[in-house]
Amino acid sequence: MTSSTLALIGHHSLDCYPRAQTVIRQALLNLVAQYPGALWLTSGAVGAEQVAVDQLLELDQRVQLVLPFAPAVMSLFWSAADYYTLVKQLRRVESVEILRQTYHVDGHRLRNQRMLQRANLLVAFLDPVVPFGHTITTVREALHRQVPVYWVGL
């Protein structure tokens, strides 16, 4: 059986979702069981994605980070703790793809397109009430491209 490639995206701020970490971890346990040997693509962004990467690495899954910009650029306005989490994850993932070394306004869209080009399934951690942002835009693009979406409400 050919292994699947799952792209993973999610909300950046989890402050409004007290159960988010539990919901993310449980969803990933279920998905890992459904897709053994899958390659997981994500951008390592703050919030749901960093929580997910930590969980996937804990479960010995294959994870590739697809970064829109070099890590120092991507994390320029992050907290020190969030930056440190990214640095730790960069050392532990299977591979890292950096799309641009410098900032460009189109970087996040290009990152999401790159992940959708490779994905058999998009896993989206988001609040269905929030109708804007990169996460919902990527869900819409996945549906347009006929990439199935596994939506996990926070």
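1. Let's begin with how helices are found: helices (H or I, at least four residues) and strands (E, at least two) are DSSP runs, numbered from the N terminus. Axes are lines fitted to C-alpha atoms, for helices over the stretch in contact, and angles run from 0 to 180 degrees between N-to-C directions. Please keep in mind that this is a predicted model, in which local features need pLDDT of at least 70 and side-chain atom pairs count only at pLDDT 80 or more, while totals for chains, interfaces and linings use all residues. Residues are numbered from 1 along each chain as its sequence is written, and side-chain values use heavy atoms, with hydrogens and water left out.

2. Now have a look at helix 2 (residues 48–58) and helix 4 (residues 80–92), which pack at an angle of about 35° with their axes 11 Å apart. Their crossing is left-handed, meaning that the near helix is turned anticlockwise from the far one by less than a right angle (clockwise would be right-handed).

3. Which residues of helix 2 and helix 4 meet? From helix 2 come Gln50, Val53, Asp54, Leu57 and Glu58, and from helix 4 come Asp82, Thr85, Leu86, Gln89 and Arg92; contact means heavy atoms within 4.5 Å. The residues of this contact divide into three nonpolar, three polar and four charged. Here Ala, Val, Leu, Ile, Met, Phe, Trp, Tyr, Cys and Pro count as nonpolar, Asp, Glu, Lys and Arg as charged, and the others, Gly among them, as polar.

4. Next comes Ser75, in the loop between helix 3 (71–74) and helix 4. Ser75 is buried, with a relative accessible area of 6% (buried is under 20%, exposed over 50%, partly exposed in between, with a 1.4 Å probe and protein chains only). Leaving aside neighbours within four places in sequence, Ser75 is in contact with Tyr83 and Leu86.

5. Phe69 and Tyr103 form a tilted aromatic pair, 5.0 Å centre to centre with 40° between the planes. Rings of Phe, Tyr and Trp (its six-membered ring) pair if their centres lie within 6.5 Å; planes under 30 degrees apart count as stacked, over 60 as edge-to-face and the rest as tilted. Are the two partners buried or exposed? Phe69 is buried at 2% relative accessible area, whereas Tyr103 counts as exposed at 52%.

6. Finally, find Gly107 in helix 5. Gly107 is buried, with a relative accessible area of 1%. Not counting residues up to four places away in sequence, Gly107 touches Pro68 and Phe69.
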